[in-house]
Amino acid sequence: MKPLNPTITDWQGRSVWLIGASSGIGLATAQALHSAGARVVVSARKAELLQQFVDTHPGAQAVVLDVSDPIAMRQAAQHIQAEQGLDVVIYCAGYYKPVRATDYNLDEMLRHQTVNYLGALYMLDAVLPALLTQGFGHLSLVASVAGYRGLPQSLAYGPTKAALIHLAEALYLDLSTQGLGVSVVNPGFVETPLTAQNTFHMPALISPEEAAREMLRGWAKGAFEIHYPKRFTRWLKFMRLLPYRWYFALVRRATGM
């Protein structure tokens with residue numbers, strides 16, 4: 001079966017910009033790509049964490065960035081394009097706090113939207129003109145299986161990840177005919193500072209390093225959706241197909257609601 005995207009098996013010399021790379025999945029992916037020979041640029045708000053990466057990964061660059069600032073996003077993209085070009089852009093910035101409707105917090109809802117979704121739109125505004133002009137490149141959005149269907153404590157987080165999945169699907173339809181690759185990454189539970197907030201059991205919890213390996217394998221296969229670990233995500237994919245009456249009952253039973 002023909003891959004949905006151009007396969008990426010050789011990272012040597014390829015320019016990669018990872019947005020949201022100071023910790024967790026983003027950091028582990030930056031490390032894996034640097035080891036594979038990519039010219040890695042990492043971005044996040046915390047300058048000291050980015051500098052630690054640069055200090056231990058020769059040739060890497062850091063661009064401090066607040067994803068909620070569209071002007072700063074454009075300036076960062078222009079700087080990287082001028083310095084080394086852009087081959088792959090990975091939007092890995094993420095924000096998560098458990099929120100339920102019984103303790104609704106508008107500020108938290110909007111914060112999730114700004115970091116998880118609007119930041120991705122600002123990124124697209126900054127890089128799409130250059131990528132379309134050059135006629136090659138790859139965009140990857142890191143969403144979550146939390147975007148598949150509604151889940152408890154995910155009132156703020158889940159909808160933003162669902163939006164990213166939808167966005168990636170629409171981008172693929174528009175850009176795959178223009179020589180550009182588009183992928184969406186839907187992790188299950190990964191051991192990161194975000195999931196450390198969870199007080200419930202996280203089935204099939206994996207390390208950020210394992211997550212990064214799954215992503216590189218997905219790009220090498222030319223996949224559109226990269227989801228992991230499959231022993232967990234395949235069950236969630238099945239649950240997407242259930243009628244609401246069954247789905248709600250199953251989730252309540254599984255979570256003790």
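Beyond its neighbours within four places in sequence, Asn186 is in contact (heavy atoms within 4.5 Å) with Ala143, Ser144, Val145, Tyr148, Ile165, Glu225, Ile226, His227, Tyr228 and Thr233. The model is predicted: local features need pLDDT of at least 70 and side-chain atom pairs count only at pLDDT 80 or more, while totals for chains, interfaces and linings use all residues. Residues are numbered from 1 along each chain as its sequence is written, and side-chain values use heavy atoms, with hydrogens and water left out.

Asn186 sits in strand β6 (residues 180–187). Strands here are DSSP runs of E, at least two residues; helices are runs of H or I, at least four; both are numbered from the N terminus. Asn186 is buried, at a relative accessible area of 1%. Buried means under 20%, exposed over 50%, partly exposed in between, with a 1.4 Å probe and protein chains only. The side chain of Asn186 makes a polar contact with the side chain of Glu225, at 2.8 Å. Such a contact is a pair of N or O atoms within 3.5 Å; within protein, one must be able to donate a hydrogen and the other to accept it, and residues adjacent in sequence count only if both atoms are side-chain atoms.

Strand β6 belongs to an open sheet of seven strands, ordered β3-β2-β1-β4-β5-β6-β7, with parallel pairing. Strands pair if DSSP finds at least two bridges between them. The edges are β3 and β7 (225–228), each pairing on one side only. Neighbouring strands are turned by 15° against each other on average, direction ignored.

Strand β2 (residues 39–44) is largely enclosed by the rest of the structure, because five of its six residues are buried.

| Strands joined | Bridges | Helix crossed |
|---|---|---|
| β1 (residues 15–19) and β2 | Five | α1 (residues 24–35) |
| β2 and β3 (residues 61–64) | Four | α2 (residues 47–56) |

The β-α-β crossover from β1 to β2 is right-handed. So is the one from β2 to β3. Right-handed means that, with the strands pointing away from the viewer, the path from the first strand over the helix to the second runs clockwise. Ser15 has Arg39 of β2 as bridge partner. Ser43 is bridged to Val63 in β3.

Helix α3 (residues 70–84) touches β1, β2, β3 and β4 (88–91), and its direction makes about 160° with that of β1. Helix α5 (residues 157–175) lies across β5 (137–142) and β6, at about 160° to β6. Axes are lines fitted to C-alpha atoms, for helices over the stretch in contact; angles run from 0 to 180 degrees between N-to-C directions.
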